[in-house]
Structures are given as C-alpha cells and as structure tokens.
Amino acid sequence: MKNSSTAKKQLTLSPKDIFITGYIFFAAFYLCVVLSLVDEGSSYVSMVFLLAVFLISRLTEGYFYGIAASVAGVFGVNYFFTFPYMQFNFSMPGYPLTFVTMLIVSVATSTITSQLKKSEQVKAEAEKEKMRGNLLRSVSHDIRTPLTAIIGSSETLLDNPDTEESKKRELIAGINSDASWLLRMVENLLSITRLESGGASLELRTEIIEEVVGAAVVKFRKWHQNSPLRVEGSNELLMADMDAVLIEQVLLNFLDNAARHSKGATDIELKVEKKGDMAVFSVCDNGCGISKQDMPYLFSGTRPGKADSDRSLGIGLSVCRTIIKAHGGRVFAGNRPEGGACFMFMLPLTEVEYE
Amino acid sequence: MSNKNCILIIEDEATIRNFMSNSLTANGYKTITAKDGQQALVMISSYRPDVILLDLGLPDMDGMNIIKSVREWSLVPIIVVSARGMETDKVKALDLGADDYVTKPFGTSELLARIRSALRHWQMRKDSNIAEMGSFKSGDLEIDFDKRRVTVRGEVVHLTQNEYKIVAILSKYAGKVMTYDYIIKEIWGPYTKGDNQILRVNMANIRRKIEDNPSEPRYIITEVGVGYRMTEEDE
C-alpha cells in the first residue's frame with residue numbers, strides 16, 4: 001500500500017513542485033540572458049542549466065521534475081543560447097554528452113534526495129515504534145498485577161463458599177479496587193490513542209472552565225467519597241479552548257494521584273486562577289510530597305526498577321503531559337516548601353464576547 | 001409488591017446482562033433480557049416493559065434504530081447505556097427520543113437513580129400533571145412555580161427571566177439530562193444559532209446565584225459534551 005501511494009505521488013503533479021521547477025528554470029534562463037550581454041561566449045550556459053537541473057531534482061519530489069528539467073534544459077540551451085540562435089541544431093559536437101550529463105545528474109540527485117527522505121522517515125518511524133513498544137511493555141506489566149489479584153480473589157471466593165464473611169468482604173473490596181484501577185488505566189490509554197491517531201481528533205471547543213472542573217469534581221467524589229478535597233474557582237468567568245473530555249481526564253488523574261499517593265494528606269486543594277492570558281489549574285496537597293527518586297520520571301510513565309506495589313505511578317501523568325502539550329499548554333510538578341506536592345497545568349484563555 | 005416495575009435489559013454481553021439483572025432484581029424490579037435487537041423488538045411489543053435499558057452496540061442492528069422504531073408507537077422510558085467518549089452518540093440518542101443515559105462503567109446506585117427518575121417522569125406524563133406541579137425542592141434549593149420564585153435556604157434569589165426559565169425546565173425534569181439544544185430551543189426558540197455559548201454563560205450566572213461554590217455544583221450538574229442535569233432530592 002505504501003509503494004502504490006508513493007508511485008501515485010510521482011504521477012500526480014503537485015502545484016508546489018511545478019512552481020519550484022518553473023521558478024528555478026526561469027531564473028537560470030534569465031541569468032543566461034544577462035550573462036550573454038557581458039560575455040560573448042557560451043561555455044557558462046550549460047553549467048548554469050546543469051546547476052538548475054541539480055537544484056530542481058534536489059528540491060522536488062520524485063524523478064519527474066528533474067528529468068523534465070534536463071530535457072527542457074537541453075532543448076532550451078540548444079535553441080536559445082547556441083549558434084544558430086533561435087533554432088535547433090543537433091549536429092553540434094559534444095551535444096549528446098551535455099544531454100546525457102544533465103540526465104544523469106538529475107536522476108542521481110533525485111535518487112539521493114528520495115533516499116534521504118526515506119531514511120529520515122524510517123528513523124522517525126522506528127522512534128515511534130520504540131515508544132509504543134515501551135508503553136505497551138509497561139502497560140502489560142502494570143495490567144498483569146491487578147488482573148492476577150482479581151482472578152485469584154474471585155477463584156478463592158468461588159472455590160470456598162464458606163469463607164468468613166469479613167474475609168469475603170475484604171476479597172471483594174480488593175477486586176473492586178483493582179478493577180477500578182484497571183478502568184482508569186484503560187481510560188488513559190483511550191485518551192492517548194485518541195491523541196496519537198492524529199491531532200485532528202482533538203475536539204477543541206470554547207468551554208467554561210468551572211463547568212469542566214465541576215464535572216471532574218463530581219466524578220472524583222463518586223470514587224473517593226471521604227477525600228478532603230476543597231475546590232476554589234475563579235470569581236471571574238474564565239473560558240478556554242479545549243477538548244473537555246480530555247481535560248477532565250487530566251484533572252481526574254491529578255486528583256486521583258493526590259488521593260492515592262500523598263500519604264498523610266489531610267487537605268487537597270484544586271484551584272483555578274487567571275494569570276495573564278493563561279488559566280492555571282493546580283492540585284496541591286499537604287501529604288508526603290514527591291520523592292527525589294520519582295521526580296525525574298514523573299511524567300515519563302516509567303521508572304527504572306520500580307516495585308510492583310508502586311505501579312500506580314503508571315502512565316497517568318504521562319498521559320496528562322501528552323494531553324496538555326496537544327492543547328499548547330504546559331505541566332509542572334513540585335514539592336511545596338511547607339510540605340506536600342503540587343501539580344499544575346496551564347492553558348491559554350479564550351476571550352469571548354457575550355451580551 | 002405485586003405490580004413490580006418490569007425492566008427490559010438489551011445487552012449482548014452476558015456478564016453485564018447478568019450483573020444488571022441481578023442488581024435490579026435485588027432492588028425490587030422484575031427484569032427481562034434480550035441479547036440482540038431482533039429479540040428486543042419482539043419482547044418490547046409482547047411484554048410492554050416499564051423501562052428499557054438499551055446498549056447502543058448490538059451485534060445485529062444499530063441501537064438507534066430500536067429507539068426510532070419504539071418511539072413510533074410508545075413513550076416507554078428508554079435509558080441508553082454507552083461508553084465514555086461517545087458524547088455525540090449520547091446526544092443523538094437523546095434527540096431520537098431516549099430519556100436518559102448511563103456511561104459504562106456505572107455503579108448500581110447510579111443505574112437505580114436513572115431508572116427511578118425515568119419512571120417518575122413517565123408516571124407524571126401519564127397523569128399529565130406536570131403543569132400542576134406547584135413547587136420543587138432539592139437540598140436547600142426551593143422553587144415555587146406559581147410565584148416564579150427561587151429560594152436558597154429561604155433567601156430569595158433574583159434571577160433574570162431567562163435564568164428562571166432555565167432553572168424551571170431543569171427542575172421540571174429533575175434527575176434527567178437535558179441537552180443543550182433542547183434547553184436552547186425551549187427558551188430562545190427554534191431558530192437560534194447552533195451555538196450553545198449563550199446558554200452556558202447564563203448557566204454560569206445561575207450557578208453564581210444558587211450554588212455555594214460554582215466549581216463544585218450541588219444542584220445543576222454539567223454532563224460534559226451533552227447538557228445539564230438537575231439533581232434530585234434523593235441523590
């Protein structure tokens with residue numbers, strides 16, 4: 001499929017390439033005309049056109065333009081710049097040589113150019129493949145642990161119907177918590193694939209920020225009913241262009257992160273402020289903060305040598321970064337001087353006139 | 001409980017069908033199930049369920065077609081079950097006449113709340129007493145429809161004409177999601193531009209007047225990409 005599409009590309013004429021070809025060719029022609037006013041000879045003519053053919057082959061896609069330029073060049077030189085002027089004369093000595101030289105230059109240059117482009121593409125593709133592989137590896141690893149727990153616990157329940165009631169509840173609670181962790185993982189993966197399948201899938205709309213924040217908070221409260229969350233919005237009505245579903249996901253990841261990992265936190269604050277022409281969203285807690293070892297890997301999705309029990313560091317934050325980057329915003333994380341961690345992101349505000 | 005409400009579950013995944021059926025039975029409903037569209041249509045016309053729970057992704061037909069064909073002859077409440085990120089599908093289903101939706105994965109309490117509110121609205125429509133409803137109460141928010149007065153903790157809230165109309169519509173259908181388009185058409189008429197900015201700015205102002213914290217609404221919840229929902233007393 002790839003081959004047929006490139007073949008098609010060579011056959012269809014692109015306006016850009018036609019323009020480049022025409023422009024260079026005209027420049028060469030004009031240069032020769034100017035030079036002929038000062039220099040009686042004609043030795044420079046074929047050199048100028050050779051250079052033109054080289055440039056055209058280098059700057060255009062495929063072989064077509066280079067070859068067309070060399071053919072046109074040979075005839076043009078013959079017609080305009082060699083004796084007898086303004087007519088063709090193919091009996092000149094060395095003429096076939098000029099023709100063949102131009103042809104070879106054009107074909108060789110085009111080949112090198114397209115090879116260069118192809119190798120760049122291959123390199124980028126390989127890089128992407130590597131990233132995808134890494135993500136897949138870390139995800140499959142992350143997924144296996146809770147799945148093992150779920151299967152194990154449910155089998156225990158199935159095989160031992162007379163387990164103690166309190167033990168039963170414990171096992172079921174474990175299944176429930178592992179399953180909801182898996183769910184969040186899948187939601188994150190969905191967000192990432194939506195972004196990776198091309199920027200076009202970002203559904204940007206002008207949203208009222210407090211609505212998106214409110215929706216995220218309502219969802220968060222459903223999972224963590226006793227979380228010490230405080231929400232502080234801006235008094236001003238703030239709007240920003242965003243994909244609301246994805247930004248909601250980022251807020252949920254931040255909140256979930258604070259609820260799960262800030263040991264000893266008695267206060268989690270979600271705040272939205274206006275700073276200049278940006279909206280700053282922050283989730284801060286007064287818990288244990290971010291450890292030094294974790295800091296450099298926070299948003300990368302993997303930490304070398306992490307333990308299984310740590311898994312929930314997972315891909316959540318790297319998803320956040322991907323989403324915010326796609327929105328043209330920025331993410332930060334750090335520890336507060338008075339203790340606890342802070343995660344923030346900024347989005348450009350949108351000014352909307354309304355009556 | 002001799003006249004238990006009968007709920008039809010249309011879902012192709014057996015585990016989810018079982019889970020829904022079990023939790024609904026445990027909560028005092030009678031359930032019947034269908035695993036594809038054909039079976040569902042037959043069961044709807046022969047059993048006349050009181051509520052239909054419809055998964056949009058069915059093996060043999062598009063769930064939308066079921067909504068369309070049921071709405072040709074019945075107003076039985078339809079609650080759509082759909083996945084996250086399918087906001088346009090939800091809006092389409094609601095436009096076709098579905099009453100509400102739940103997003104997979106959902107908890108039992110959420111599902112029960114949707115069913116309760118769908119049943120109540122259907123009952124009210126059958127008794128055609130929506131117009132006679134004199135007042136509405138949810139938490140500290142009270143609306144007196146006769147006096148067109150909204151109070152929070154007994155204090156009168158001053159709403160503009162349009163703001164009052166928005167609050168009134170949402171509370172009339174409390175517990176049920178109302179799409180942006182529906183509210184806009186009800187208030188600004190059918191020929192308003194397709195932009196929902198005006199509604200959302202009005203909503204932001206309403207929230208500043210009735211909610212303690214507009215970023216953490218208690219009464220009017222935003223359903224991102226779909227519309228608004230007024231919370232009910234029992235939620």
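The model is a predicted one. Chain B contains 8 helices and 12 strands. Of its 235 residues, 35% are buried. Among contacts in chain B between residues at least 6 apart in sequence, 57% link residues at least 24 apart.

One sheet of chain B can be followed strand by strand. It is open, is built from 4 strands in the order β6-β7-β8-β9, and has antiparallel pairing. The edges are taken by β6 (135-138) and β9 (155-157) of chain B; each has a single partner strand, so one side of each is left without a neighbour in the sheet. On average, neighbouring strands of this sheet are turned by 25 degrees against each other, with direction ignored. Within the sheet, β7 (residues 141-144) and β8 (residues 149-152) of chain B pair in the antiparallel sense over 4 bridges. B:Glu142 has B:Thr151 as its bridge partner in β8(B). Helix α6 of chain B, residues 161-172, packs on this sheet and touches β6, β7 and β8 of chain B. The direction of α6 makes about 100 degrees with that of β7(B).

Next come the nonpolar cores. The largest has 51 residues, and those with the most contacts inside it are B:Leu53, B:Leu54 and B:Val80. The surroundings of B:Val80 can be listed: leaving aside neighbours within four places in sequence, B:Val80 is in contact with B:Leu54, B:Leu56, B:Lys90, B:Ala93, B:Ala98 and B:Tyr101. Another core, of 46 residues, lies apart from the largest one, and A:Phe281, A:Leu317, A:Ile323 and A:Val331 are among its residues.

The last topic is the contact between the two chains. Chain B brings 18 residues to the contact and chain A brings 22 residues. Which elements of chain B each supply at least two residues of the side that touches chain A? They are α8 (197-210) and β11 (220-223). Helix α8(B) gives the most to this side, with 5 residues. Sorted by class, the side of chain B that touches chain A has 8 nonpolar, 6 polar and 4 charged residues.

Key: Residues numbered from 1 in each chain as written. Chains lettered and ligands numbered in written order. Predicted model: local features only at pLDDT ≥ 70, side-chain atom pairs only at ≥ 80, totals over all residues. Core = buried A, V, L, I, M, F, W, Y, C linked by C-beta atoms within 7 Å. Buried ≥ 20, exposed ≤ 12 C-beta atoms within 10 Å, placed from the backbone. Contact = placed C-beta atoms within 7 Å. Nonpolar A, V, L, I, M, F, W, Y, C, P; charged D, E, K, R; others polar. Pairing = 2+ DSSP bridges. Axes fitted to C-alpha atoms, helices over the stretch in contact; angles between N-to-C directions.
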